[in-house]
Amino acid sequence: MRACWMEQGLPVEEPLLLAELKPGRPHQFDWKSSCETWSVAFSPDGSWFAWSQGHCIVKLIPWPLEEQFIPKGFEAKSRSSKSDSKGRGSPKEKTLDCGQIVWGLAFSPWPSPPSRKLWARHHPQVPDVSCLILATGLNDGQIKIWEVQTGLLLLNLSGHQDVVRDLSFTPSGSLILVSASRDKTLRIWDLNKHGKQIQVLSGHLQWVYCCSISPDCSMLCSAAGEKSVFLWSMRSYTLIRKLEGHQSSVVSCDFSPDSALLVTASYDTNVIMWDPYTGERLRSLHHTQLDPPMDDSDVHISSLRSVCFSPEGLYLATVADDRLLRIWALELKTPIAFAPMTNGLCCTFFPHGGVIATGTRDGHVQFWTAPRVLSSLKHLCRKALRSFLTTYQVLALPIPKKMKEFLTYRTF
């Protein structure tokens, strides 16, 4: 229904706060320890939520949340129903003590290959069945790989010389992990080869804040404290191009579900939507202040912190320093909905839609309602085609010009 309302120009409901989780009593660490929630993540199947709650702790929480956190009338879709999970034994919340401040989180399925027996000789702690894993990027440059169901530490990856700021697994489940660090490099790890480091990507001149792998696993985008972002090939691990257009540091990036679009968010208060294949700038979304600033500070209170695509690819969510979560429709230049939030740092959509999770400087995580939409047949066709056709391949098709413009997202 909400998709129909949008076509008729009627407003979308404001996001509602479904639940807010707060850390328990802070641990007594030294002054260097941080209480911020720099990263939150849902597992690809939607059955787990990872919360970096500060003080070196990550909480692994089964999804949907327990009933006391969710208002009546709201049901979060997950892989299995509550009755099914009760029959199998409900998963338990896990606490991972990483020993260092946690900056990045990433989930991946861990398949059970035929060579499992050979692997087990070298890593007897690794389970002999398929499982779900979580990678955590730490303050000392280490990356720890955990088994979600048991909370056991599987691997420790060393190589970075500074904070591991972000992590991204290939969506195909091939166990290739990309890490972004303050040491100004990205590193590629192959967990199928005992966590071997297979490539170091250099070229950034500032801390690397964010890395994102396209859903078709062909491209990698990295954002550092620079005005440009880098696009890399995930096949050759070479630089494809630099995308230039922002006026300040780029801090977040994300690909659309069909890999046809890339969005980047910057301290310059803008989100830019790009065609990653051609490097063309398709649209800019400007974060204007709703209220006048409280003081004469020179800092942009609308500086962006995070941007992400919704799972069907029709919406964006952004978190900015002006204490607002914004929801954007792909076709519009102004937000369709706002929600007040303080000190937001990160955001991500639930993989089945309907929920946005946000993390804050206070170590809190908040869950908000997100627009539920029934995608049009046109968009479903575009999404299916663009999942395996590049922009150049679409432009070469013997079809009308208007159809090409629609398929390449040039009908804004």
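Which strand is Ser108 found in? The notes below start there. The model is predicted.

1. **Ser108.** Ser108 is found in strand S6, which covers residues 102-110. Its relative accessible area is 1%. Buried means under 20%, so Ser108 counts as buried. Setting aside neighbours within four places in sequence, Ser108 is in contact with Cys131, Leu132, Ile133, Phe169, Gly173 and Leu175.

2. **Confidence.** The average pLDDT of the chain is 85. A score of at least 70 is reached by 82% of the residues. Two stretches deserve a separate look. Over residues 74-88, pLDDT stays under 50. The model has 21 contacts beyond four places in sequence for residues 74-88. Over residues 114-119, pLDDT also stays under 50. Here the model has eleven contacts beyond four places in sequence.

3. **Strands S22 and S23.** Strand S22 spans residues 304-309. Five of its six residues are buried, so S22 is mostly covered. Strand S23 spans residues 315-320. S22 and S23 pair in the antiparallel sense, over five bridges. Within this pairing, Val307 has Thr318 of S23 as its bridge partner.

4. **The hairpin turn.** Five residues lie between the strands in the hairpin of S22 and S23. Gly313 in this hairpin takes a positive phi, near 85°.

5. Most residues other than glycine have a negative phi, and most peptide bonds are trans.

6. **Cys56.** Phi of Cys56 is positive, near 70°, and the residue is not glycine. Cys56 sits in the loop between strand S3 (48-54) and S4. Is Cys56 buried or exposed? With 4% relative accessibility, Cys56 counts as buried, because the cut-off for buried is under 20%.

7. **Arg323.** Arg323 also has a positive phi, near 65°, in a residue other than glycine. Its place is the loop between S23 and strand S24 (324-329). The relative accessible area of Arg323 is 52%. Exposed means over 50%, so Arg323 is exposed.

8. **Trp63 and Pro64.** Which residues does a cis peptide bond join? Trp63 and Pro64 are joined by one, with omega about 5°. Pro64 lies in the loop between strand S4 (57-62) and helix H2 (82-88).

How values were computed: Residues numbered from 1 in each chain as written. Predicted model: local features only at pLDDT ≥ 70, side-chain atom pairs only at ≥ 80, totals over all residues. Heavy atoms only, no water. Buried < 20%, exposed > 50% of the residue type's maximum accessible area, 1.4 Å probe, protein only. Helix = DSSP H or I, 4+ residues; strand = E, 2+ residues; numbered from the N terminus. Pairing = 2+ DSSP bridges. pLDDT = per-residue confidence, 0-100. Contact = heavy atoms within 4.5 Å.
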